[in-house]
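Hello,

Please read them with the model open.

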Amino acid sequence: NKLFWLFLVMMVCSGASEQAVSQWASAFAEQGLGVTKVVGDLAGPCSFAMMMGLSRTFYGKFGQKIDLERFIILSSLLAICSYLLIGLTQRPILGFMGCALTGAAVGILWPGVFSIASRTIKNGGTAMFAYLALAGDLGCSLGPTLVGFISNKAHDELKIGILAAIIFPIIMVITAFVVKNIKSSHPNRV
């Protein structure tokens with residue numbers, strides 16, 4: 001099933017989009033805001049996690065009224081905007097706010113892809129969910145690794161590393177559009 005492969009790509013991008021920022025949020029807070037390690041360790045991940053929780057709570061409350069595929073596309077576009085804010089702003093506080101905004105943007109990606117895959121691939125079963133989780137975990141290591149590698153090459157400039165990871169939400173948007181197009185053009189074959 002070609003949709004399964006697209007869902008695998010979406011899961012890689014979901015994990016990478018989430019962890020590329022969350023794993024580096026404390027270092028970003030320390031570097032950008034000039035705060036101590038303790039404050040950075042609390043402020044960065046906590047703001048990211050709080051916004052992610054709010055995003056998931058919002059979808060949990062109003063999800064029955066929202067088209068999940070459209071919500072994933074809009075969330076991915078918001079992730080692109082937040083990555084741009086982190087990477088291009090000259091004001092550290094705006095970059096830090098971009099980190100928090102990323103939490104809101106990526107909150108629905110991982111669970112949303114699972115939901116769409118389970119509705120679309122009827123006989124996927126446990127093996128499908130195992131492969132999707134594996135792809136998500138691969139993304140969770142790939143995203144922060146890319147940020148660290150690019151940052152290192154850019155003389156420890158974390159903003160450049162995070163900006164490079166914008167590739168993951170971009171691929172997510174493209175793949176989500178392809179999935180939505182396939183499902184709408186062949187509703188009986190999926």
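**The loop between H7 and H8**

His 155 sits in the loop that joins helix H7 (125–153) to helix H8 (158–164); helices here are DSSP runs of H or I with at least four residues, numbered from the N terminus. The model is predicted, so local features need pLDDT of at least 70 and side-chain atom pairs count only at pLDDT 80 or more, while totals for chains, interfaces and linings use all residues. Residues are numbered from 1 along each chain as its sequence is written, and side-chain values use heavy atoms, without hydrogens and water.

His 155 is not a glycine, yet has a positive phi of about 60°. Its relative accessibility is 74%, so His 155 counts as exposed (over 50% relative accessible area; buried is under 20% and partly exposed in between, with a 1.4 Å probe and protein chains only). Asp 156 lies in the loop between H7 and H8 and, although not a glycine, has a positive phi of about 60°. Asp 156 counts as exposed because its relative accessibility is 54%.

**Helix H5**

Helix H5 (residues 92–106) has 15 residues and should span 21 Å at 1.5 Å a residue, which agrees with its end C-alpha atoms being 21 Å apart. The expected span is 1.5 Å times one less than the number of residues. Among the buried residues of H5 are Gly 95, Phe 96, Gly 98 and Cys 99.

Note on methods. Helices (H or I, at least four residues) and strands (E, at least two) are DSSP runs, numbered from the N terminus.
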